[in-house]
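Please keep the sequence and the model open while reading.

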Amino acid sequence: MKIWKYGDNVNTDMLFPGKYTYTCSTPEEIKPHLLEDLDSSFAKNVKEGDIIFAGKNFGCGSSREQPTVGLKAVGIAAIVAESFARIFYRSSINQGLLLIECPDAVKAYREGDSVSLDVENGKIIVGGKSYLFPKLPKEILAIRDAGGLLAYTRTKLKNKK
Amino acid sequence: MGMTFAEKILAKYAKEKKVVPGQIVTVKPDYLLMHDNAAPIIKKIQTDLAEYGIVNAELPVIVLDHVIPASDEKTATNHKTIREFVKKYKLKYFFDVGTGICHQIMVEKGIALPGQLILGSDSHTCSYGAIGAFSSGIDRTEAAALLLTGETWLKVPQSIKITLKGSLQPGVFAKDIILRIIGDISASGADYCSVEFHGDIQQFSVEERFTIANMGVEMGAKNAFFPVDNITTQYLKSIGISKYTAIDPDKDASYAKELTYNLSDIPPLIALPHSVDNVKSVSEVEGIEIQQCLIGTCTNGRLSDLKIAAKILKGKKVHPNVRLLILPASRQIYLDALKEGIIDTLVEAGGVILPPGCGPCLGAHQGVLAPGERCLSTSNRNFKGRMGCKEAEIYLASPATVAVSAIYGKITDPRKEVR
């Protein structure tokens, strides 16, 4: 498992360049361009279970969902940041991608530290030390746990029928 | 204790007496805005649509504006898919290529109204706070789910109150106000928050309020709001709208943060690459050479913006090293600018008029930059790569600053020409 570390204000153009937004929509089309203008090694080397650490306001900018769709598709286990931008935060819930808002964990992390997650108990362990992160309200958690908003909506519509 | 605008409107739409920040509510928005991205949105739920149909043919508003006219076969096919969808489901609100930028259309066509709740699969959906609506951006997946169900959840945000006092100096515009605020509180300064503008706002037209509300998301805001006053009422009357229910925040509402700006203290400002909160006064960075200028977009493509540019460029020529691109925000604005001779002036000065749409702002077509080039733009984002090239630089300023700089071929204080 690799930790990818980035700074503050990683915006949606860095996560997925705007020039592809109207020609790439499926996970397979998105994957090769993920983080293209921020870190050209990311798309080639990212592996399932990797974690991203970042500073403040991760995902700011556009409402494009290629970043959350793509990061989920390559198997990012969680993004741990000091804070997230609102639309990105919502979009991650909709894609079933785990976001952890935990400034203390981000500040504590040093290269080489071991990192593990205990999602059930709202805990992230960095270099042997545990940090608690706030859990989502249960009605929102239900969306993420369903695997994302479309799966959640389909179940809802089926039950209504 | 009273409620802020966001609390009040979310309470209304959630059918609750009172809501508090942090509370999750379920709401049914009045409209769901989509643009060219309606194509991938529809594709996601093709089988669901076949089974359940769309929840309400009057909920979606689709405006083709992002890559128009189509730049290649793929975007052309997307547009075609959207047109077929609109016909099949008999959508009430569809605006094809050339009508204008979605946010401008929402307001100009009298779709977005005061006191309404609107969600859109575009981050600048926050613009309609200019006329007292609650509007906010969502992703494509959520837009798809809304097409099927018509409802979603929202977290009641904390609110920030910004009081604008006094009046602007010559050469300083609405764009400079919002750049000042974002520069001060940072690109994350209003994350998750509702931002309300109060104070001496009666001096600002709906167009100017639009510029300010449009950039709310650039400081992380969920929505941006101007209370409805006689300026709003008169504007709506001018487009034939008289029926709506405005919502005002309570006088004793509680705000997470309150800020006051003395407008006379604000000089012409500019956001330097590569973030919107990297704000300096224009005078500090005068002389930086530019190769492209852009006047337009959902931030500054309205008649008053084109008018100030024309006033500055009348009888002048754009510097030989500069391409000046102009994008009226809608066909109506284009027509009005033609009637007033504004387009003549801009074209005579050397400007290139692009169709009413998003143009180079998203970097997909029309005016993409080359490595090493600099663009001075009236748009709202200067992220690295935004105009299609990561080795290019984007600077953001008011239409006056852009027009004056276009003449000199370098970043120039607009007070040189506007007094």
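Which residues of helix 1 of chain B are buried? They are Phe5(B), Ala6(B), Glu7(B), Lys8(B), Ile9(B), Leu10(B) and Tyr13(B), where buried denotes 20 or more other C-beta atoms within 10 Å of the residue's own, exposed 12 or fewer, and partly exposed the range in between, with C-beta atoms placed from the backbone. The model is predicted: local features need pLDDT of at least 70, side-chain atom pairs count only at pLDDT 80 or more, and totals for chains, interfaces and linings use all residues. Residues are numbered from 1 along each chain as its sequence is written, while chains are lettered from A and ligands numbered from 1 in the order in which they are written.

**Chain B as a whole**

- Chain B contains 14 helices and 18 strands, these being DSSP runs numbered from the N terminus (helices H or I, at least four residues; strands E, at least two).
- The radius of gyration of chain B is 21 Å, close to the 22 Å that the globule rule gives for 419 residues, so chain B is as compact as a globular protein of that length. This radius is taken over C-alpha atoms, and the rule is 2.2 Å times the number of residues to the power 0.38.
- The C-alpha trace of chain B spans about 60 × 55 × 40 Å along its principal axes.
- Of the 419 residues in chain B, 59% are buried.
- In chain B, 78% of the contacts between residues at least 6 apart in sequence join residues at least 24 apart; a contact requires C-beta atoms, placed from the backbone, within 7 Å of each other.

**Covered elements of chain B**

- Helix 1 (residues 5-13) of chain B is mostly covered, with 7 of its 9 residues buried. Lys15(B), which follows this helix, has a positive phi near 55 degrees.
- Helix 6 (residues 140-149) of chain B has 9 of its 10 residues buried, so it is largely enclosed by the rest of the structure. Its buried residues include the charged-side-chain positions Arg140(B) and Glu142(B), as well as Ala143(B), Ala144(B) and Ala145(B).
- Gly150(B) follows helix 6 of chain B and has a positive phi, near 75 degrees.
- Pro60(B) lies in strand 3 (residues 60-63) of chain B and is buried, with 25 other C-beta atoms within 10 Å.
- Leaving aside neighbours within four places in sequence, Pro60(B) is in contact with Leu32(B), Met34(B), Leu91(B), Tyr93(B) and Leu147(B). Leu147(B) is itself among the buried residues of helix 6 of chain B.
- Pro60(B) and Leu119(B) are 59 residues apart along the chain, and their C-alpha atoms are separated by 9.8 Å.

**Helix packing in chain B**

- Helix 7 (residues 174-185) and helix 8 (residues 206-214) of chain B pack at an angle of about 25 degrees, with their axes 8 Å apart. Axes are lines fitted to C-alpha atoms, for helices over the stretch in contact, and angles run from 0 to 180 degrees between N-to-C directions.
- Helix 7 of chain B is therefore roughly parallel to helix 8 of chain B; the classes are roughly parallel under 35 degrees, roughly antiparallel over 145, roughly perpendicular from 65 to 115, and oblique for the rest.
- Ala174(B), Lys175(B), Ile177(B) and Ile178(B) in helix 7 of chain B meet Glu208(B), Thr211(B) and Ile212(B) in helix 8 of chain B.
- By class, this contact has 4 nonpolar, 1 polar and 2 charged residues. Ala, Val, Leu, Ile, Met, Phe, Trp, Tyr, Cys and Pro count as nonpolar, Asp, Glu, Lys and Arg as charged, and the others, Gly among them, as polar.

**Chain A**

- Chain A comprises 8 helices and 7 strands.
- The radius of gyration of chain A is 16 Å, close to the 15 Å that the globule rule gives for 161 residues, so chain A is as compact as a globular protein of that length.
- Of the 161 residues of chain A, 45% count as buried.
- Helix 4 (residues 66-73) and helix 5 of chain A pack at an angle of about 40 degrees, with their axes 9 Å apart, and are therefore oblique to each other.

**Contact between the chains**

- The contact takes 36 residues from chain A and 42 residues from chain B.
- On the side of chain A that touches chain B, helix 5 of chain A gives the most, with 6 residues.
- The residues on that side of chain A divide into 11 nonpolar, 16 polar and 9 charged.

Technical notes
Contact = placed C-beta atoms within 7 Å.
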